[in-house]
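Please read the following report with the model open beside it.

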Amino acid sequence: MNKRTHKSADPLGGARYINRLNKIKVLNIIRSSESPSRADIAKISGLSAPTISRIVDDLLTEGLAREIGEGVSQGGRRPTLLKFSDRKNFIVGIDLGTTNIYGVLTDFEAKIIAEVNTPTCVQEGFASVMRRTSDVIGSLINEPSVKEKRIYGIGMAVAGLINRTRNIVEFSPDFHWHNVDIVEFLSRDHHYPIIFDNVTRVMAMGERWFGLGKQFKNFICVNVGYGIGAGIIIDGKPLYGPLGMAGEFGHITLNKDSLVQCDCGNFGCLEALASGNAIARSAKTRLADGERSILFDQCGGEIAKVTAEMVAAAAKQGDALAWNVFDRAMEYLGIGIAALINLFSPEAVVIGGGVAQAGDILFEKVRKTINARSLKMISSNVSIRPATFGLKTAVMGAVSLVLNEVLSLNHDKGLARS
Ligand SMILES: [Zn+2]
């Protein structure tokens, strides 16, 4: 059922609402167009010249737009061209991973000004991980190379099931967290708006804002790292589902007879068969059973040290065990993605995350499996490609969470300045 637009009984309230919508429209035109003039904005928006003048003046005062000189005259005065943001505006993006906490400070064009990478040390527990995250945020905010800056917010990508009503991580199998409140913890040190979401959806949002979204409105971002998830973008919007938990692609059962238990408790989940964790575990089990492989020498006989990255590298070198482990995992991944393609008929599927860094060896098997296991009429038009920003996709998505608030003019409710 569609929600009906609420109209205020107060006529002035109604006018304010329209003004706000117009301002959002103009701001988005300035961001998405190539240096438009006020006349260009009038043409695109259909708004009157005085309305645009007033809105642009506001945006210039607020630092959300800047004038960048004059364009070519169409007869009469040369028009002044506009750009998004006055260059004093910044965003902190955090990719809170199980191995590393990766943080960036970017401007509004998502150009990275500074970055920090530090080990997560999950085993030390939630409070310790939060303190480390807080330190990363602190060092980015205090980045000395930019003297004058307004921080509009902190965007974060977190692995786990997010309860959007309570704004907490309800369950994270990767971190072994239950009902943790990230915002409450980090707000003790940092008085900025903090927006977080599930890492895979955040990656999809990064693609939507800065990568694939320029070309496609319907696509799926599959994240294959320690775990597996899918961020589904339909008509330019992320799919949340009523609980905000849609896209748990890793926890669909692909082998009902599997004895491998997933972190979620089920047996035979895609994540238990094809994630980085699963690839490493499968190789370790077979090495422990005495199978021969160059992996044994590469880990110095310490089987526990074998990683998915090592398996992918050994597979590329032609090692039979490594090849078999990786190939089987990618077949499961391909079967899963074939189902996604049949269900959602996307224009593209991007595959990101640590395991996707293996490159061709992954994409060849996945493409082959999709061809064999999906409906050709649908899948033949689907572009299967690596994530646009590689391992930076999640952090770019985290930045986009804040930018989305800025462009919806939500920032004025809670903006803090450094
Ligand atoms: Zn599972």
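## Basis

This is a predicted model: local features need pLDDT of at least 70, side-chain atom pairs count only at pLDDT 80 or more, and totals for chains, interfaces and linings use all residues. Residues are numbered from 1 along each chain as its sequence is written, and side-chain values use heavy atoms, with hydrogens and water left out.

Helices (H or I, at least four residues) and strands (E, at least two) are DSSP runs, numbered from the N terminus.

## The sheet

Five strands form an open sheet: 5 strands in the order β5-β4-β3-β6-β10, with mixed pairing. Strands count as paired if DSSP finds at least two bridges between them. β5 (112–119) and β10 (194–198) are the edge strands. Each has a single partner strand, so one side of each lacks a neighbour in the sheet. On average, neighbouring strands are turned by 15° against each other, direction ignored. Axes here are lines fitted to C-alpha atoms, for helices over the stretch in contact; angles run from 0 to 180 degrees between N-to-C directions.

Strands β3 (residues 89–96) and β6 (residues 150–158) run parallel, joined by 7 bridges. Ile-94 has Met-156 in β6 as its bridge partner. β4 and β5 pair in the antiparallel sense, also over 7 bridges. There, Gly-103 has Val-116 in β5 as its bridge partner. The hairpin of β4 and β5 has 4 residues between the strands, and Ala-110 takes a positive phi near 65° in this hairpin. In a regular strand, side chains alternate between the two faces of the sheet.

Which strands does helix α4 touch? Helix α4 (residues 126–141) packs on the sheet and touches β3, β4 (100–107), β5 and β6. Its direction makes about 155° with that of β3. Helix α6 (residues 199–210) also packs on the sheet, touching β3, β6 and β10. The direction of α6 makes about 105° with that of β10. Contact means heavy atoms within 4.5 Å.

## Individual residues

Asn-22 lies in helix α1 (residues 11–32). Is Asn-22 buried or exposed? Its relative accessibility is 14%, so Asn-22 counts as buried. The classes are buried under 20% relative accessible area, exposed over 50%, and partly exposed in between (1.4 Å probe, protein chains only). Not counting residues up to four places away in sequence, Asn-22 touches Leu-47, Thr-51 and Ile-55.

The loop between β2 and β3 holds Arg-87 and Lys-88. Arg-87 is not a glycine, yet has a positive phi of about 75°. At 58% relative accessibility, Arg-87 is exposed. Lys-88 is partly exposed, at 31%. Leaving aside neighbours within four places in sequence, Lys-88 contacts Glu-148, Lys-149 and Arg-150. Asn-179, in strand β9 (residues 177–180), is another non-glycine residue with a positive phi, of about 50°. Asn-179 is partly exposed, with a relative accessible area of 45%.

## The second largest pocket

The second largest pocket has a volume of about 520 Å³. Of its 17 lining residues, Arg-31, Ser-32, Ser-33, Trp-209 and Lys-214 are the closest to its centre. α1, β2 (80–84) and α6 each supply at least two lining residues. α1 gives the most, with 4 residues. By class, this lining has 6 nonpolar, 5 polar and 6 charged residues. Ala, Val, Leu, Ile, Met, Phe, Trp, Tyr, Cys and Pro count as nonpolar, Asp, Glu, Lys and Arg as charged, and the others, Gly among them, as polar.

Pockets and cavities are found on a 1 Å grid over the protein atoms alone. A cavity is a set of points where a 1.4 Å probe fits but cannot get out; a pocket is an open set with protein on both sides within 12 Å along at least five of seven lines. Lining residues have an atom within 4 Å of a point. Grid points are joined across faces, edges and corners, and a volume is the space filled by probe spheres set on the points.

## The cavity

By this rule there is 1 cavity of 30 Å³ or more. The largest cavity has a volume of about 50 Å³. Its lining residues include Tyr-226, Cys-262, Asp-263, Glu-271 and Arg-281. α7 (270–274) and α8 (276–288) are the elements that give two or more residues to this lining. α8 has the largest share, 3 residues. The lining of the largest cavity divides into 4 nonpolar, 3 polar and 3 charged residues.
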